[in-house]
Amino acid sequence: MRSRAAGLARFQPASDQSLLVYFGETITPEARECVLKLLRLLESEPIRGVRNLHPAYSSLLIKFDALTLRHDELQATLRDYLGRLDSVQLPPPRLVEIPVCYGGEFGPDLQQVAELHHVTPEWAIEAHASATYTVCFLGFAPGFAYLAGLPDALATPRLGTPRRRVPAGSVGIAGHQTGVYPFSTPGGWRLIGQTPLKMFRTDRPGMCLLAIGDRVRFAPISHEQFAALESA
Amino acid sequence: MSTIEVDAPGLLTTVQDLGREGYGPMGISPSGAADAVSLRVGNRLVGNAEGAAALEMTLVGGAFLFPQGAVIALSGSDFGATLDGAAVGLWASVQVQPGQTLRLGATRSGARCYLCVAGGIAVEPLLGSASTHVLSGLGGFEGRALRRGDVLRIGPGAGPFQKRGIDAKALERLSPRKVLRVTAGPQSDWFPEPSQHAFYGGAYRVAEESNRMGLRLDGAPIAAESGREMITEGVPLGAVQVPAGGQPIILFVEQQTTGGYPKIANVICADLHSVGQLRPRDEIRFERIEFETARSLLREQETLLASEKLIRE
């Protein structure tokens, strides 16, 4: 019997060395689960010639060696993998807590975000810190996790003009997403706080603080706690 | 241990190899040489494995002192190199005597020149690669472009000097193109006929604010049909994405791994090294081909690169 996941999947060549697998045209928990399961299956049973995987909200980009693999051959192999998605067991997700100092110089857009939603900054902090988020995927830059689960009451469009430089550790909001900048980069997300934690460091296994599938909660901390954690 | 001392760094000189592939789930793009063909050939000229780490120079080269000497080869674009004042050609192995200084200037052709050294440049690999990811400060030499005073170590395993050059005909066939061949991008059909016509019919100029992450282009603006909602997805190397302003961007070796702009086209594998030689203000065009043709072109290029006759001894 064909699984539901396989039925959802659509293939699209993206380049002469890559193929996109789409699970529907909207972001749904079901599509996210399909992406994660296919990623895990491809990691545990690698296909010969596949060189890289780029998971996203509802799709997976598969890069392959164009000298040894063709789009149609890869698709045929993937159909078998998709047929087995339902049997992939995902371990219970990790819960990672991220301390955040909200507002002030750490969150220069907090006041405006609160005003746009006609709430107080304190209410906005409480709303952001009481939700549990899911890491949909890492992308954009090393260690940058796209988090779903932002309360509707905080959903805010990106800045009209992106900042030329966002400090590393900044916690931002863009639409229904929230996330933490691992590096000092340009960025257009609205900044509401900053974490002293390093989202990416080369001296620990896995390097990234967050991984696809993790659950995340933010915990408000004071300036003093920020300073203490930063120097720890 | 032999070393290289950086007397002048040049505009943007970094340690590069063929990049770190396989870390897309961590949001890490491969990086690596912008012109991988030149890096591979340059390494073969000095007897290295073709993916050994070398120095990638951009638009303006540096000056490098070799206190213990070395066997080197320059590949890619002509930066007017001299060794203690005497001109040094591209695409040939050169014996550098202890104490000699190699000086390079501004480019006379494309954007990048590679300095390959027998034994390779020795740096601590990150995720299996020596390549520098400039924008996130990872890998290579301290995660950054070289500065005056840096001392690089040359890896072991350099054999005795052997004179090597490249077959002229092969070099001609590998030379960078200004007409980039592309296949249809995943959102190609979002772009109506007038935009397709503008994209494939017109010329685009490489903008100044181009780098290893992406090349911004100036030319006829193109637009996807309105009302299309793009969900962020994985983006391939060489993707031609079109932001709201309508000026296309070619995503390159230090690309973001995912993106939310529609992609009209994608540069084929066999032409990616040509992108690495594009300079600001260069004029380029796009030619659309089928996936099958792209595959044959890659196979031809790889056959040429693997051929015994490529390197003359």
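1. In what order do the five strands of the open sheet of chain B stand? The order is β2-β3-β10-β5-β8, and the pairing is antiparallel. Two strands are said to pair if DSSP finds at least two bridges between them. Strands (E, at least two residues) and helices (H or I, at least four residues) are DSSP runs, numbered from the N terminus.

2. This is a predicted model, in which local features need pLDDT of at least 70 and side-chain atom pairs count only at pLDDT 80 or more, while totals for chains, interfaces and linings use all residues. Residues are numbered from 1 along each chain as its sequence is written, and chains are lettered from A and ligands numbered from 1 in the order in which they are written.

3. To return to the five-stranded sheet, its edge strands are β2 (14-16) and β8 (93-96) of chain B, each of which pairs on one side only. From one strand to the next the twist averages 35°; axes are lines fitted to C-alpha atoms, for helices over the stretch in contact, and angles run from 0 to 180 degrees between N-to-C directions. Within chain B, strand β5 (residues 70-76) and strand β10 (residues 112-117) run antiparallel and are joined by five bridges. B:Gly76 has B:Cys113 of β10(B) as its bridge partner.

4. Chain B also has an open sheet of seven strands, with antiparallel pairing and the order β7-β6-β9-β4-β1-β12-β11. Its edge strands, each pairing on one side only, are β7 (86-87) and β11 (121-122) of chain B. Three bridges link strand β1 (residues 3-8) of chain B to strand β12 (residues 151-154) of chain B in the antiparallel sense. The bridge partner of B:Glu5 in β12(B) is B:Val151.

5. Chain B is divided into domain 1 (3-164) and domain 2 (179-308); such bounds come from an automatic or database domain assignment. Taken over C-alpha atoms, the centres of these two domains of chain B are separated by 27 Å. Contact (C-beta atoms, placed from the backbone, within 7 Å) involves 22 residues of domain 1 of chain B and 15 residues of domain 2 of chain B. On the domain 1 side, helix α1 (residues 36-45) of chain B gives the most, with four residues.

6. Chain A is divided into domain 1 (4-87) and domain 2 (95-231). Their centres, taken over C-alpha atoms, are separated by 29 Å. The contact takes six residues from domain 1 of chain A and five residues from domain 2 of chain A. Helix α2 (residues 29-44) of chain A provides the largest share of the domain 1 side, three residues.

7. Between the chains, 31 residues of chain B are in contact with 38 residues of chain A. On the chain B side, β17 (233-234) and α5 (291-306) each supply at least two residues, and α5(B) gives the most, with six residues.

8. The largest nonpolar core has 151 residues, and those with the most contacts inside it are B:Ala54, B:Ile72, B:Val117 and B:Ile121. Such a core is a set of buried Ala, Val, Leu, Ile, Met, Phe, Trp, Tyr and Cys residues joined through C-beta atoms within 7 Å; a residue is buried if 20 or more other C-beta atoms, placed from the backbone, lie within 10 Å of its own. The largest share of this core, seven residues, comes from α2(A). Leaving aside neighbours within four places in sequence, B:Ile121 is in contact with residues including B:Val15, B:Ala54, B:Leu152 and B:Ile154.

Key:
Two residues are in contact if their C-beta atoms, placed from the backbone, lie within 7 Å. A residue is buried if 20 or more other C-beta atoms lie within 10 Å of its own, exposed if 12 or fewer, and partly exposed in between; C-beta atoms are placed from the backbone.
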